[in-house]
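Hello,

Here is the structure I promised to pass on. My notes follow below it.

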Amino acid sequence: MADNTKLYRVQFVSNGEHYELYVREVSQGGLFGFVEIGDFVWDNHSHIVVDPSHEKLKTEFADVTSTFIPMHNVLRIDQVKKQGSAKITELSDKVTAFPGPIYTPKKD
């Protein structure tokens, strides 16, 4: 896996929502066609205002050590110097999901 000093911002689409997470581990993973992310980094809110989408993410990934994201759902992976806030946002109706499946068997 990745060096623990590196920080990655991973953006992907799942169930009609745009996820943006910060993790320390990114790899191709052991499952074909999936990107594995792990070692989630959460913002310890020192602000009075708490972002509900951030709290939803923390709850959704509370007991998860790593997760596998289908390659065609990944929008972007950036190595970043500074952590931002993890969030979930609704996709607009102007975004079209990539058609799937990507890997289809050949027809004889």
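Which residue takes a positive phi in the hairpin of β1 and β2? N15 does, near 50 degrees, and the hairpin has 2 residues between the strands.

First, the ground rules. This is a predicted model: local features need pLDDT of at least 70, side-chain atom pairs count only at pLDDT 80 or more, and totals for chains, interfaces and linings use all residues. Residues are numbered from 1 along each chain as its sequence is written, and side-chain values use heavy atoms, with hydrogens and water left out.

Strands (E, at least two residues) and helices (H or I, at least four) are DSSP runs, numbered from the N terminus. Two strands pair if DSSP finds at least two bridges between them.

Strand β2 (residues 17–27) has these partners:
- β1 (residues 7–14) runs antiparallel to β2, with 7 bridges. V13 stands opposite H18.
- β6 (residues 87–90) is antiparallel to β2 too, with 4 bridges. E17 partners E90.
- β3 (residues 34–40) is joined to β2 by 4 antiparallel bridges. S27 partners E36.

Now the salt bridges (a Lys or Arg side-chain nitrogen within 4 Å of an Asp or Glu carboxyl oxygen). There are 3. D78 meets R9 at 2.9 Å, N to O. D78 sits in β5 (residues 74–80) and R9 in β1, 69 residues apart. R76 also bridges to D78, at 2.9 Å. Shared partners join R9, R76 and D78 into one network.

E17 bridges to K56 at 3.4 Å. E17 lies in β2 and K56 in helix α1 (residues 52–60), so the pair ties together parts 39 residues apart in sequence.

Best wishes
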